[in-house]
Amino acid sequence: MRTLRDISLAIMFAAIAATAAATVDTEALAKQNGAEFHWFPIQKTFILVDKADTLKFAVGLPYATSHGQTVELSRAPAIEGGHIVIDSADAAKFFKATPATEKPASSIAAKSSDAKVATSSSASKTSVAAKPATPKNETAGTREVRTIVIDPGHGGKDTGAQGKNSNEKDIVLSIGKLLKKELEKEGFNVKMTRDKDVFIELGQRANLANQWDGDLFISLHCNAIDATAERKKQIKGYHVYVLRAPESEEDKAIARRENKVATLYGEKNAKEELSPIEWFKLEARLEKYKQNSYMFTEEMLKAMDGGKIKRQSGGVGGAGFMVLVGALMPAVLFEIGFISNPEEEAYMVTSKAQEDIAARIAKAVSSYKDAVHSYRETLGR
Ligand SMILES: [Zn+2]
């Protein structure tokens, strides 16, 4: 039951948030309320777990999940000075006690929250079990890895990015076919969304993968930038993408370029970008596959790093690739190299390069399978 005092404090918190845009360190917030804090650095998501609830947040998205429901936040969680912070008004929505805020209003907020701790010791949020509930996503890495779906991007009327002497659609098809051979040697069941130069809609690619009940979806692409010749010479490298809210304008631009085909050819439900609420709903739906997508990404980085094409910046990114949205399985989009970079284009068109790249991806798939299967054994499956 909310007392008049609680309401007045809530109003005070709201006022503080509105005037000073105060933020709260989530780790301190969890500590003060006896909740467990778990941060997933690659996904940029975090959870606060206590006996009553598992709260899920994602940096950059103004929504949280509480008791399995989507809740709108005043402001998206952010990383500030090495701390993961949420708006103090949002902290007050979920917790009785909020720690000192990081903006000038902190002294008022600290006092009022102290008062609140003293008066609300019987509240459910403050009487938390020592052992938190196990986060659901810890059991996500158990899908057996048998069927691999290879998706060579573009095809037919959609050439993909164009280099000086080659098209993206041809390079990715050649590598896709070689990858299929490699994986079949290893005993995998392999399906391809296309094995010739045909046009297939983005949504249809994921549908096929779902029909085949794939265990891993790999979409193959070549990156490109539209820039001066000098800049094209500078920008190169491979990049592995997962479905995650984009954190940079560059990642957004890559997704827009790869998604453009859908709007260009009038595909149903086509869009170049997802809205924040669509992102958040998707996050909840994809929770099951996310851990595995990241596990495979790790293996891709290990396998690709010995090759001729080097990582571009960190090598891992996230954006709203429509081809990944519908796939109900762990999924990545691999930008093999830059077709707009003369050196990488010249390399990627050679059969030697294509064989090496296919062999490296196959190695990543095998290592990923081993990792998943050994995890299954520890669970006695
Ligand atoms: Zn592409």
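Author: One definition before the helices: axes are lines fitted to C-alpha atoms, for helices over the stretch in contact, and angles run from 0 to 180 degrees between N-to-C directions. Also, this is a predicted model.

Reader: Fine. How many helices and strands does the chain come to?
Author: The chain has 12 helices and 14 strands.

Reader: What share of the residues is buried?
Author: Buried residues are 50% of the 381 in the chain.

Reader: And the contacts, how many join residues at least 24 apart?
Author: Take the contacts between residues at least 6 apart in sequence. Of those, 74% join residues at least 24 apart.

Reader: Now the helix pair. At what angle do α5 and α12 pack?
Author: About 50 degrees, with the axes 8 Å apart. Helix α5 is residues 168–185, and helix α12 is residues 351–378. That angle makes α5 oblique to α12.

Reader: Is the crossing left-handed or right-handed?
Author: Right-handed, as α5 passes α12.

Reader: Which residues make the contact?
Author: From α5: Ile-171, Ser-174, Ile-175, Leu-178, Leu-179, Glu-182 and Leu-183. From α12: Gln-354, Glu-355, Ile-357, Ala-358, Ala-359, Ile-361, Ala-362 and Val-365.

Reader: What does the contact of α5 with α12 have by class?
Author: There are 11 nonpolar, 2 polar and 2 charged residues.

Reader: Switching to α6. Which of its residues are buried?
Author: Helix α6 covers residues 202–211, and Leu-202, Arg-205, Ala-206, Leu-208 and Ala-209 are buried there.

Reader: Where do the buried residues fall, seen down the axis of α6?
Author: Within an arc of 155 degrees, so they line one face of the helix.

Reader: What comes just after α6?
Author: Asp-213, with a positive phi of about 55 degrees. Asp-213 sits in the loop between α6 and β11. This is a positive phi in a residue other than glycine.

Reader: Is Asp-213 buried or exposed?
Author: Exposed, because its relative accessibility is 53%, and the cut-off for exposed is over 50%.

Reader: What about Ser-313, what is its phi?
Author: Near 45 degrees, again positive and not a glycine. Ser-313 belongs to strand β13, residues 311–319. At 63% relative accessibility, Ser-313 also counts as exposed.

Reader: OK, buried spots. Where is Ala-331 found?
Author: In strand β14, residues 331–338. Ala-331 has a relative accessible area of 7%, so it is buried.

Reader: What does Ala-331 touch?
Author: Leaving out residues up to four places away in sequence, Ala-331 touches Phe-217, Val-242, Ser-293 and Leu-324. Its C-alpha is also 8.3 Å from that of Asn-292, which is 39 residues away along the chain.

Reader: Last one, Leu-286. Which helix is it found in?
Author: Helix α9, residues 276–304. Leu-286 is buried, with a relative accessible area of 10%.

Reader: What is Leu-286 in contact with, neighbours within four places aside?
Author: Leu-243 and Ala-327. Leu-286 and Leu-243 are 43 residues apart in sequence, and their C-alpha atoms are 8.8 Å apart.

Notes. Residues numbered from 1 in each chain as written. Predicted model: local features only at pLDDT ≥ 70, side-chain atom pairs only at ≥ 80, totals over all residues. Heavy atoms only, no water. Helix = DSSP H or I, 4+ residues; strand = E, 2+ residues; numbered from the N terminus. Parallel < 35°, antiparallel > 145°, perpendicular 65-115°, else oblique. Left-handed = near helix turned anticlockwise from the far one by under 90°. Contact = heavy atoms within 4.5 Å. Nonpolar A, V, L, I, M, F, W, Y, C, P; charged D, E, K, R; others polar. Buried < 20%, exposed > 50% of the residue type's maximum accessible area, 1.4 Å probe, protein only. Arc of directions from axis to C-beta.
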